[in-house]
Amino acid sequence: MIITGKYPQLRLRRNRKNEWSRRLTSENSLSVNDLILPIFIVDGKNKKIPIKSMPGVFRYSLDKLNSIVQSAINSGIPMIALFPYTKSYLKNSLGTESLNPNNLVCRACKLIKKKFKNKIGIMCDVALDPYTSHGHDGIYQKNDVENDETIKILVEQSLIQASSGCDVLAPSDMMDGRIGKIRKALDFNGFKHVQILSYAVKYASGYYGPFRDAVGSKNLLKGNKKTYQMDFKNSDEALREVALDIKEGADMVIVKPGLPYLDIIQKVKNNFKIPVIAYQVSGEYSMITNSIQKKIYNKDVIIETLTSFKRSGANAIITYFADKIAKEL
Ligand code: PBG
C-alpha cells in the first residue's frame, strides 16, 4: 500500500466532500442486475397469503404469477427463484411429490417459460425438504439423511425441473457428489445448457426459521440438519466444498446465509474467481424488516447491507428485498 504525504497535506475527507466526488471515487455499486427474487408459490386460485414471520412476503397462487414476474422483468431483475409450499397430504417420507412432473414448481416453470420465454431466468432448488414428511432435504433413515440414495432422487428431480423449463438448478441439499451426478444426467438427457448454481457453502443456520415457516416444513423438521449442512465454526471446509463443486461442474456457487458469512464470500471469491451468489436468507430479511417497522432503522440499511455483499466479492444476491428496492436503484 502506497501512502504519499501525511496530514495536514493529506486529507482523505477531500474526496468525500461532494456528492459527485463520492460517486466518482466509489469502489462498488449495487444495481438491479445483482438481484435474484425468491417467490413462494402455493396451490389454489387468487391467493396472496402473508407469511407471518416475513412481513411483506407472500405465497402466491399460480394465477397471480404473471403480474409478479412481469413487474420483476419491468424493474430489470435478471432471475427469480421459485419455492413451493406443499400441502401436507402430498408429503411423505420419500418426498415423492418432488418427482411429479405436474407438481407446483413444474407447473409454475411451464407457465412462466411459456409466457415470458427468456426474458427472465428461473431458478429452482433441488432438494426434498418441501416434499418430505420429516422436513429433511433427503431420504431420512436411522436419524440421518442417506447420501447416495438421496442423490438418485435429486437427479430425477433435476431432470423433471429442467424439462419444465427451469434455467438454473440450485441443489440446496448438501449431499456429497450430487453436482457431478446431476451434471452428467443433464448432459446425457439433452440439457447441456441448463446451468447449475450449487449451494456449495450452506451452513446449518438458525437464520432459516422464517423460510421453513414459509414453505411449511418448520413444525415437521425432525432434529436438525447438522449432519449435512456446514458447521458455522468452519471456513477452510467451505473452500473444499467449493473446490469439489467446481470440479464436478458447478457454473456458479452460493454462500448462505449472507451477512454473518461475508468473510466466506470474500475467501471463495479470492480463491476461485467463479461467480459467487450471496443468499440473504429469511432470518436476515426478518430482522431488518422488523427493525425498520419498529423505526429502529430506516430503510437505507437495506441498500447498505446489500452493498456489503458486493464489497465482499459477491456477483449477485438472492434477497427477499429484491422487488422492494429494485425501483430505487
Ligand atoms: C431448502 C432451503 C432452505 C433455504 C433455501 N433452500 C432451508 C433449509 O435448508 O432448511 C433457506 C432460505 C432462507 O432461509 O431464506 N433446502
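**Cysteines and aromatic rings**

Author: Happy to! Let's begin with the sulfurs: in this predicted model, the disulfide count comes to 0. Since a disulfide here needs two cysteine sulfur atoms within 2.5 Å, the distances tell the story. For Cys109, the closest cysteine sulfur belongs to Cys124 and lies 3.5 Å away, so the two are too far apart for a bond. For Cys106, the closest cysteine sulfur is that of Cys109, at 6.2 Å, again too far for a bond. Cys106 is buried, with a relative accessible area of 1%, and Cys109 is buried as well, at 0%.

Now for the rings. Searching the whole structure turns up 10 aromatic pairs. In one of them, Tyr279 and Tyr320 have ring centres 6.3 Å apart and planes at 45°, so this pair counts as tilted. It links distant parts of the chain, 41 residues apart: Tyr279 belongs to strand S11 (residues 276-280), while Tyr320 lies in the loop between strand S12 (316-319) and helix H11 (322-325). Tyr279 is buried, with a relative accessible area of 1%, and Tyr320 is buried too, with 2%.

The charged end of Lys256 sits over the ring of Tyr208, 4.5 Å from the ring centre. Likewise, Lys115 has its charged end over the ring of Phe116, at 5.9 Å from the centre of that ring.

Definitions and conventions:
Residues numbered from 1 in each chain as written. Predicted model: local features only at pLDDT ≥ 70, side-chain atom pairs only at ≥ 80, totals over all residues. Heavy atoms only, no water. Phe/Tyr/Trp six-rings, centres within 6.5 Å; stacked < 30°, edge-to-face > 60°. Helix = DSSP H or I, 4+ residues; strand = E, 2+ residues; numbered from the N terminus. Buried < 20%, exposed > 50% of the residue type's maximum accessible area, 1.4 Å probe, protein only. Lys NZ or Arg CZ within 6 Å of the ring centre and 35° of its normal.
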